[in-house]
Amino acid sequence: MTKRGSELATRVVVGVALIALALAALWVGGLGFWLLVVVAGVLMMGEWANLAHAPEGQKRLAQYALCVPLAILAPGLAAGPGFLALGLTIGAAFFIGAVTRRPQLAGGALYIGLPVLALVLLREQFGLLTTFWAMALVWACDTGAYFAGRAIGGPKLAPAISPNKTWAGFLGGVAAAGLFAALLVPFGLALPLALATPVLAAISQAGDLFESHLKRVAGVKDSGNLLPGHGGVLDRLDGLVAVAPVAALLALVLAR
C-alpha cells in the first residue's frame with residue numbers, strides 16, 4: 001500500500017471509530033453523552049489556546065475556567081443546560097480575558113462552550129433524533145463535499161484560506177446534507193429543520209474555513225495530533241462547533 005493509501009485508510013478507520021463512539025454516547029444520552037462532549041470541549045479549549053500561542057499556564061487556566069460551566073451542564077447532577085450554564089460560559093470568557101489579557105483566548109470559551117451547551121440541550125430537551133440530525137448533517141456535508149470536490153474539481157472556494165476546497169465540493173456538501181435531512185423527515189424530524197439543513201451545511205463549511213484561517217494565522221497544519229489522520233479534536237469538530245448553536249436555536253424557536 002502506498003503512503004497516501006495508508007494515510008487514507010488510517011483516516012477512514014479513525015473516522016469510523018469516532019462516529020461509532022459519538023453514536024453510542026448519543027444513544028445512551030444523559031451523563032454518557034454529557035461526558036463525551038465535555039471531554040471534547042476541554043480538549044478543544046486546549047487546542048484553541050495553542051492556536052492563540054498562549055503560554056502553558058494560561059492554557060490550563062482557560063481549560064479549568066471552562067470546566068465550571070461544563071460541569072453545570074451535567075444532567076441529573078447539576079442544573080443542566082439552561083440560563084445558568086449560559087451565564088457561566090459568558091462569565092468564564094470574561095474571567096479568562098481579564099486574567100490573561102488575551103481576547104482570542106477568551107473568545108475560545110464562547111466558541112467552544114456554546115456548542116457544548118447546545119448539544120447537551122438538544123439531547124436533553126429535543127431527544128435522540130433531533131440531536132442526531134444536528135450532528136450527522138455535518139458528517140453528510142463533509143462526505144458530500146469530499147466526493148464532489150474530488151470528482152468535479154473546478155474553481156476554488158477560498159484559495160487563500162484552504163486551497164483544496166472547491167465550489168463543487170461546497171455545493172456537493174450542501175446537497176448531501178439536504179438529502180440526508182429529507183430522509184429523516186419520515187422518521188419524525190420536523191420539516192422546518194429539514195428545510196433549514198442546507199443553510200446549516202453552509203454554516204458547517206464556514207466553520208471549517210474559519211478554523212483553517214486560524215491555523216494559517218498560527219502557522220500550523222493541524223490544531224493538534226491526538227487523532228491519527230485527522231489532526232486535533234478541533235480539526236474533526238470544526239463544522240459541528242459552528243452548526244450546534246444554530247441548530248439548538250432553531251429547535252428552541254420551533255418549540256415555542
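Predicted model: local features only at pLDDT ≥ 70, side-chain atom pairs only at ≥ 80, totals over all residues.

Reader: How is a pair of aromatic rings described?

Author: A pair of aromatic rings is described by the distance of the centres and the angle of the planes. By the rule used here there are five aromatic pairs. In one of them, tryptophan 48 and tyrosine 111, the ring centres are 4.8 Å apart and the planes stand at 35°, so the pair is tilted. Tryptophan 48 belongs to helix H2 and tyrosine 111 to helix H5, 63 residues apart, and the pair thus links distant parts of the chain.

Reader: What are the distance and angle for the rings of tyrosine 111 and phenylalanine 210?

Author: Their centres are 5.5 Å apart and their planes are at 55°, so this pair is tilted. Because phenylalanine 210 lies in helix H7 and tyrosine 111 in helix H5, the pair ties together parts that are 99 residues apart in sequence. Phenylalanine 210 is partly exposed, at a relative accessible area of 33%.

Reader: Which residues of the largest nonpolar core touch the most other members?

Author: In that core of 65 residues, they are Trp48, Leu73, Leu105 and Trp133. Helix H5 contributes the largest share, 19 residues. Leaving aside neighbours within four places in sequence, leucine 105 is in contact with residues including Met45, Trp48, Ile96 and Thr100. A second, separate core has eight residues, among them Val174, Ala177, Ala201 and Leu209.

Note on methods
Residues numbered from 1 in each chain as written. Heavy atoms only, no water. Core = buried A, V, L, I, M, F, W, Y, C linked by side-chain atoms within 4.5 Å. Buried < 20%, exposed > 50% of the residue type's maximum accessible area, 1.4 Å probe, protein only. Helix = DSSP H or I, 4+ residues; strand = E, 2+ residues; numbered from the N terminus. Contact = heavy atoms within 4.5 Å. Phe/Tyr/Trp six-rings, centres within 6.5 Å; stacked < 30°, edge-to-face > 60°.
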